[in-house]
Amino acid sequence: MKTNNRTRTTSRAGMTLLELTVVILVLLSLISILFIGARAWKKGSDRAACILNIRNCQQALRGYANSYGITAGNNIPGGRTREDVIIGPGLFMDNPPVCPSGSSYTGLGVTTIPLHGELLMECGFIDGSLHIPENYGGW
């Protein structure tokens with residue numbers, strides 16, 4: 001009988017430490033890209049919600065002015081502010097607007113009806129982004 005002196009080599013299944021490190025780095029890179037995109041999406045949605053708040057308040061004040069026959073540029077009767085006549089139970093808006101990014105609105109405490117093409121209020125821009133619409137001439 002003839003004997004064969006072949007050595008058997010067996011390979012181990014698994015990953016080396018270098019391969020595991022590369023996989024972890026790739027996953028961390030993908031997760032960081034995801035977080036950057038999510039932050040940009042959140043910032044954009046906050047801006048859009050803030051612009052909607054401004055538009056809704058603007059429409060509420062225009063509705064008040066039309067209901068009581070007050071023309072743009074005139075004072076609200078009784079020395080009341082814009083906020084007094086549109087925000088509250090039973091008025092044009094139940095609750096005061098809240099900026100989603102934590103900023104505050106300015107301009108609601110004024111006593112005049114804004115002219116057409118003039119913004120009723122502005123956002124405090126706490127995060128540095130501009131929270132006003134680009135085109136509000138028809139408001």
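Q: If contact means heavy atoms within 4.5 Å, which residues does Asn53 touch once its neighbours within four places in sequence are left aside?
A: Asn53 is in contact with Pro97, Val98, Cys99, Pro100, Tyr105 and Met121. This is a predicted model, where local features need pLDDT of at least 70 and side-chain atom pairs count only at pLDDT 80 or more, while totals for chains, interfaces and linings use all residues. Residues are numbered from 1 along each chain as its sequence is written, and side-chain values use heavy atoms, with hydrogens and water left out.

Q: How do you know how confident the predictor is in the chain?
A: From pLDDT, the predictor's confidence in each residue, running from 0 to 100. The chain averages 87, and 89% of the residues score at least 70. Confidence is highest in helix 2, at a mean of 93, and lowest in strand 2 (residues 122–123), at 86.

Q: What makes up the secondary structure of the chain?
A: Two helices and two strands, in the order α-α-β-β from the N terminus on. Both kinds of element are DSSP runs numbered from the N terminus: helices are H or I with at least four residues, strands are E with at least two.

Q: Back to Asn53: what makes its link to Tyr105 a polar contact?
A: A polar contact is a pair of N or O atoms within 3.5 Å; within protein, one must be able to donate a hydrogen and the other to accept it, and residues adjacent in sequence count only if both atoms are side-chain atoms. The side chains of Asn53 and Tyr105 are joined at 3.0 Å, so the pair passes. Asn53 itself belongs to helix 1.

Q: Why is Gly88 called buried?
A: Buried means under 20% relative accessible area, exposed over 50%, and partly exposed in between (1.4 Å probe, protein chains only). Gly88 comes in at 9%, so it is buried. You'll find Gly88 in the loop between helix 2 (82–86) and strand 1 (105–106). Neighbours within four places in sequence aside, Gly88 touches Met93 and Asp94.

Q: And for the chain as a whole, what share of the residues counts as buried?
A: 26% of the 139 residues. As for contacts between residues at least 6 apart in sequence, 63% join residues at least 24 apart.

Q: What makes Asp46 and Lys42 a salt bridge?
A: The rule asks for a side-chain nitrogen of Lys or Arg within 4 Å of a carboxyl oxygen of Asp or Glu. Here the closest N and O atoms are 2.9 Å apart, so the pair qualifies. A search of the whole structure finds one salt bridge. Both partners lie in helix 1, four residues apart, which is about one turn of the helix.

Q: Why is the Tyr64 and Tyr68 pair called tilted?
A: Rings of Phe, Tyr and Trp (its six-membered ring) pair if their centres lie within 6.5 Å; planes under 30 degrees apart count as stacked, over 60 as edge-to-face and the rest as tilted. By this rule the count comes to two aromatic pairs. The rings of Tyr64 and Tyr68 have centres 4.8 Å apart and planes at 45°, so tilted it is.

Q: What makes Tyr64 and Phe92 edge-to-face, then?
A: Their centres are 6.4 Å apart and their planes sit at 90°, so the pair is edge-to-face. Tyr64 lies in helix 1 (residues 17–67) and Phe92 in the loop between helix 2 and strand 1, so the pair ties together parts 28 residues apart in sequence. Ring pairs link Tyr64, Tyr68 and Phe92 into a cluster.

Notes:
Contact means heavy atoms within 4.5 Å.
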